[in-house]
Structures are given as structure tokens and as C-alpha cells.
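This report walks through a two-part question: how are the pieces built, and how do they meet? Please look at the model below before reading on.

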Amino acid sequence: MNKITFEQLQETLYVDELDNGLRVYVLPKQGFNKTFATFTTKYGSIDNHFTPLEGTESLRVPDGIAHFLEHKLFDDEDGDVFQNFSKLGASANAFTSFTRTAYLFSSTMNVDKNLETLVNFVQNPYFTEESVEKEKGIIEQEIKMYEDNPDWQNFFGLLKGMYKNHPVAIDIAGTVESINKTTKDLLYTCYNTFYHPSNMVLFIVGNVEPEKILDQVRTNQQNKTFAEPKPIERYVEEDTTEVNEKKVTIPMPVNTGKCLVGIKERNPTKQGIELLKHELSVQLLLEMMFGQSSENYQTLYEEGLIDDSFSFDFTAEKGFGFSVVGGDTSQPEALAERIEGLIADFKEKPLDDKVIDRIRKKKIGYFLKAMNSPEFIANQFTRYQFNEMDLFDVIPTLESLKKEELLETMKDHFHLDTQMSVCLITKEEDKSE
Amino acid sequence: MEQEELKQFDIGSIRVHVIPSTTFKTNTMMIQMNGPLEKDSVTKRALLPNILQNGTKDYPSRQHIRSALEELYGASLTADVAKKGERQILSLRMDLANEKFLKDHSPLLEKGIKLLASVFLNPNVTNDQFDSKIIDEEKRSQRQKISSIYDDKMRFANKRLTEEMCPDEPFGIHVLGYEEDLDAIDGKNLYDYYQDALNSDDIDFYVMGDVDSEHIKTMIKKHFKIDQSHRREEKPKNTPDNNKKKANEVVDEQSVQQAKLHIGYRTNIVYGDDDYFALQIFNGIFGGFSHSKLFINVREKASLAYYAASRVESHKGLLIVMSGIQSSKYNDATEIIFKQMEDMQNGEFTEVDIQQTKAVYKNQVLETMDVPRGRIEMEYHNQIASKKIPLNEWLERIDQVTHDDILNVAKKIQLDTIYFLKGKEEESNE
């Protein structure tokens, strides 16, 4: 077991890697009522093509299966695992992202029993033909809910604009058609391949005694047997460097339109500290360009092109990465053009040292605020681990970023001619009231 | 329930509440202005938070305010309006890093308080008028926000249900106001409204964090100069419910993929009432959680929906059921939902159900207290309710709820309105 202390933040992290390869992290938080735990596998919606653990040939599985598996893992021989948590006063949940599937609970009592439940249900798959069939109706309604959600449609429309082959452009839940191809056997194949402890991270944050919790997890794992770990062969469709389509327009039953501008990374292979520096740099630059203190925000607001839904973000994982800028607007087309123009202008102007420092301070303060949240710590720490980064490096890295590095990132990332797509949500012609 | 000692004092007409805590890396401040929810003023009041954030005498524009916040290590400032019962609460919130976790230890709190005071009390006005350009920009933005409710079908269905349930009650008024009322607002009449609200609203100021209440007192005295000349002496009261003999059924149609079924009940119980916690446990067994009857029967057993849940409107006495279903499954879904309510009213729930729900609900209460804003919101319940329930009594009161209490609550609950937003295309395909 390792103990790592972060003086400035006044936090101590306990770390252990078990014999079966499971990585366990405990961050004690005095003063909190609750404990929050996530059990996460490095397996998400993009992992739809791989060599199964028991096999030798590659397999392409139906879209949305990682998410389907997330739903079905909550079943066990006696029924519904949610019940076991709520009987112990805990609330449980799960989510599937492009690259991860996480199972979690939070509770203010019976933490050890709830932790046992979490680890055991995730490591005890129980799928039947009948229960798989039954789930299809539920997931179908989940998909339909997102089909009516203009923000979600805008985001995935943009991804389809940026990516031609990469599975990041496929909706995480799949389609009604693809989920209907899911079978019990396919679920087991995915489970066996991706839920090996060596592909997983357990993170516990809250009012706990670290040594005791680690002991408990160790004992739990020693009583189970797992196959020998084996590196997972994942195949990702090679994507074009440049964007697939420059513009995607989706009419929907809305009153106000939406506009997102995306910028696709040319070479999304960075990991570790290199990725951390890169993502913090892009975020700083976006903040300087479009943050609420910027001239550009003021201009767009005065021109009537944005409201306070306007936002921006940068996402990066191994294999894909993109910036997104936009929001609600009555003139989606005009906003897209303005955003492009403002980025182009920004690239021509020198960076102001005072502004860099101010934005740096802002990002540091935001990170501190996020450290109040057990959810943020557990989820982000895990994401950082899977990309070989360390969450606790964020503040020192922010403090150390130099202007030259920002200028370098600006040149590297903001290629408007080949890397930019826009997705517009427009009002349907035949609007029904 | 462990909690820090809350300190209260008045400064001018502001009631200050200080909650010392060393748990967090930030200090949180929240100003709550409590005014009536009225058709005549709702749109003005909804516009006000954005106007205030557009500039003050000390920080003349939005950009100046935002830059100043960034200099304070990304202090966050948000302002908005929310509906609590039949009151329209204007809130300003600021979260500020605690400098003891920064390399640079220069104090931030007083600077934050000064900035917050400037935004709240010292807007950038000339001749007792807000700037007309700012007014126009913010009216445009407000108009867009109101019209965008239509774009989020769950929000839209909630708004429609509330309108249909409470056409003659203030609760039926939408908290963001009305597009048609924006036209008449100008810099003069909005400033007059703002002055009037400052003069007559209840104002509560919460501070939570690693702070000293004497120090807070000194700083607020220095920066918040406000004395009310005619504070309204009114107690929050809800208009009596118009008990319908027969439930209302309303159907709208849009080209949506998923229909929204929202059902409104009258609970006849509000926060502070003796049976308030019994109502919360009722809701937990019925539809509040993933072990509840609605989740189990509508989703898990019948596979009709991805979500099927209920929630309680504490200060108005409503219970709202929400579910997203296929349009053609309206009869199946309503039948299952009504059956669950009937079972509740017939006492068909077990001691295990009760214990399970109490455990989950107590957990939820404790978790809310782990978030500064959550804790402040809990305190604020007591400020606006006619009867208070001290926070340290909550867990005990929850434990005391019996099967009979829940059954009595169930019998008070009356169906009011069924709202259905159904899809157009789907039906024509069938």
C-alpha cells in the first residue's frame, strides 16, 4: 500500500494494486457524512471491435452493447441489486461513456456492506434470455428520450460531422435496431473480456478508515478466482485526419435553434503528462477566447447571437479529441460563422500575459471547488488513471504552463480549414403546437 | 445528526445566518430575496438577476464583474429566480476558494463580499434608471429562455401540467414570466420595481465555510448598507386548493419520439405540517426512488419506460408523477400508475418497504448536508415555511413515521390533472 500526501490541498490518497491487477484508491474526507465509491472498467461505447478473451478472432459487436451490459449487471439470481443497496440506505447508479463503464453508490451508513454489494454484483454477471429481452423495451425508451433531446442530437450530430469511421460518433446507447441484436451470449463475451480486475479501478472517497477499507477489498478479492490477465486487443476504425462533413443540419420541434462548432484533433495519441498539459492548455485558450470575461462573449451577446447557455469544452481520450463551442441561438448559421471568425482573429493576436494569469487563477479556483465533490474526485481520478495521468497534478501543471506552450497548442489544435465542423439544430418547418 | 452551530443576527433588514464548517475548500454565500409570485411582477423579477450581473457602480460592465471574479481565483457568481410554493425567490450565490489551499494566502472573503454587495445593492444606474441597451439585450435573452422551455419536452410537460392544475392560483404562474409582458418593461419601471423589492422583501444572507461569525458581521455591516422602510408583514400562505370533483385530462400533440405522461396530485400537506415526513416516506415507497413501486412496476416489470418517478412540491402540497412512454401505451401506463396509488391508499405496503424507504430518505437528507448549497437550502425551508422543523429533529421525525401515518397521508392525496404530451407521427404510423 502506498500513501501519497498532497500538502497544498491537505489530502492524503491511499493506493494499492492487488494480485489480480485491480487498482484500489481510497481518499478519506473528514467532516463528510457520505462515502462515495466507483467501480469502473476501461470499457465504453467505442470498444465495439475486439478479440474476446476466450477467442482468437476479432469480433464486431452490436452498437450500444457496453451500455446494455451496464443495465443488465444490476440483475442477480435473486432479482434487482438496487433493492440490496436501498435496504442499506444507499443509492446506487451507473453510467457508460465513450471509454468507461462505472458503477457507483453513495451512502451515509453501512459503508462496508454497501462496498461489498458493489464489488460483488459487478463481479457476478447473471444474464438470461428473458431478462435481456425485457430490457430492450426500457432501453428503447431511453434512446427515444435522447432522440427528443435537442442538445444531445446537436452533440452527436457534430460528432458525426467530425468523425467518419471512429465509433465515438455512434450514440452510446446504440439504436433501436442495434440493441435488438444484443443477446445473452454476446453480453457474457463482452463481460469476460472487459471486466477482468486488471482492467478496472475501484475508488472510494468519504468518511472512511483507509487501512480497514483496503483490507476488506483485499479479502473480498482473495476469495474469488479470475482468469489470468491478458492484454485486450481492441480494434478502432482508422479515421480520416480531417473532418467528415463541414456542416450538419438537423431540424427538430424546437422554438430556439442551437449551434455547436467542433474542432477535431489531428493526432489524438497523447497520454500521460503530455495529454494533461495539452488539455489544460486548450481549456485555457478556450476560456480566453470565449469565457464570460472575454470581449468575444460580450460581442456575441450584444449581437443577440447567444444567451447564457453558451459554453465550450475540450474532450480528449486516446484515439479522439475535440473542442466544442456553442449554445442556444435564434440564428444558428450566423453564430457558427461568427465563432469561426472570432477564433481566426484570436489566432492572429498576441496572448496577453495578464489575461493568462487571470484565467489560470480561475481554473485553479474551479479545481478547488470541484475537490468539494466526492463524485468529481472519484470519476475524474479514474478517467485520469485510464489515460496515465494524475488528477493531483492539475494545479501544479496549471501553475507551470508557459505562454510558449499555449501558443504551440494554439497552432497545433485550432485548424479551421480542415478540422472544423458545425452542427445546427433548426426549427422544423411544420411545427406542431 | 452532527452539525455545526448556526449563528443568526440581523444587519439592517438583512437576516444573516452563518454556518461554520471546516469540511470544504471553499466558502459559500447565498442571498435569498423572498417576494410574492404574482402575474404583474413575475417577469420583472425574473429579468432582474441578469440585469444586476451586467454592471455596478464599481464594476461598470459584465466583463468587469467577470474579470474581478476570475482574479478572486475563479469565484463563481450565479443569480436566478426559483419558485417555492407561491413565492418567487431571487437568489444570488457566490462560491469562493478558501485561500488556505492556495499558494497565495491573501484573503479573498472580504473582496468577495464587497463584490457581491456591489452586484446586489449598487447597480450601474443613471437617473434612477437601468441602462436601456442592457435592458434590451436582457429582454431578448429572457424571451429566448422562455420560448426554449418548449424545446425541453420534460420541462415543457411540467410547465403545462402546472398551468392546467393551477389556472387560478399563483402557483400556476411560470417562474420565468411571460414573453408578452417583456415589452412593457423599461429601465425606469424595472428600477422602481427593484427598489420596491429591496424595501419590502424578506432578505436572508447565508454564509457557510471556515469562517468566524464576528468577522462576517463586521464585513457585512461595512459593505451591505440597506435599511427597509416598509417591510411587508405577511406570512407565506397558499391559496386554498380548488378541490376538483373530477380529475382534469389534458392532451397536447407534438412531433416527438417519446410521449410524456405527467400526473399531478394534491397532497394537502406542506412543509412544517405534522405529517410532512410521512408524506416524504409515502413518496419514497410510491415513486421517489429506484426501489419504489413506480420504478418496479412501470419500468422493471412492464418495460414501458426508462423513467417513472414521483416528487413532492413541499411548499405547495403537490405530488407529481413523471414518465416517458410510447404514445400508444397511455392506457397501460396510467392503469399501472393508478394501481400503485390505489395500493398505497389500501395500505398495501410492508414494514420492510417502510424501513427501506426511511433508510434511503435519511441517506438523502444527510448527503444534501454534505453540499454547502444543499445545507443552506435546507435551512432556508425553515425560513419560508410557516412552521419550522429544526434540522437536528429531521432524522428522529423520519424514524417516528408509522404505517398508519403513511396510510393517512395516502388517503389525503387526490388526483387533480393528467397531462399527456403525445407524439404525432407515431400514431399516424400505427
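Strand 10 of chain B is joined to strand 12 (residues 318–325) of chain B by 8 bridges, and the two run antiparallel. Strands are DSSP E runs of at least two residues, helices are H or I runs of at least four, and both are numbered from the N terminus. Two strands pair if DSSP finds at least two bridges between them. Within strand 12 of chain B, B:I325 is the bridge partner of B:A259. Strand 10 of chain B also pairs with strand 13 (residues 414–423) of chain B, antiparallel again, over 7 bridges. There, B:G264 has B:T417 as its bridge partner.

This is a predicted model: local features need pLDDT of at least 70, side-chain atom pairs count only at pLDDT 80 or more, and totals for chains, interfaces and linings use all residues. Residues are numbered from 1 along each chain as its sequence is written, while chains are lettered from A and ligands numbered from 1 in the order in which they are written.

## Burial of strand 10

Strand 10 (residues 259–266) of chain B has 8 of its 8 residues buried. Buried means 20 or more other C-beta atoms within 10 Å of a residue's own, exposed means 12 or fewer, and partly exposed lies in between; C-beta atoms are placed from the backbone.

In a regular strand, side chains alternate between the two faces of the sheet. On one side of strand 10 of chain B sit B:A259, B:L261, B:I263 and B:Y265; on the other sit B:K260, B:H262, B:G264 and B:R266. Both faces are covered.

## Two crossing helices in chain A

Helix 1 (residues 65–72) and helix 7 (residues 184–194) of chain A pack at about 95°, with axes 10 Å apart. Axes are lines fitted to C-alpha atoms over the stretch in contact, and angles run from 0 to 180 degrees between N-to-C directions. The angle makes helix 1 of chain A roughly perpendicular to helix 7 of chain A (65 to 115 degrees; under 35 is roughly parallel, over 145 roughly antiparallel, the rest oblique).

Helix 1 of chain A contributes A:I65, A:A66, A:F68, A:L69 and A:K72, and helix 7 of chain A contributes A:L186, A:L187, A:C190 and A:Y191. Contact means C-beta atoms, placed from the backbone, within 7 Å.

## Where the chains meet

The contact takes 58 residues from chain A and 56 from chain B. Helix 12 of chain A gives the largest share of chain A's side, 10 residues.

Note on methods. Two residues are in contact if their C-beta atoms, placed from the backbone, lie within 7 Å.
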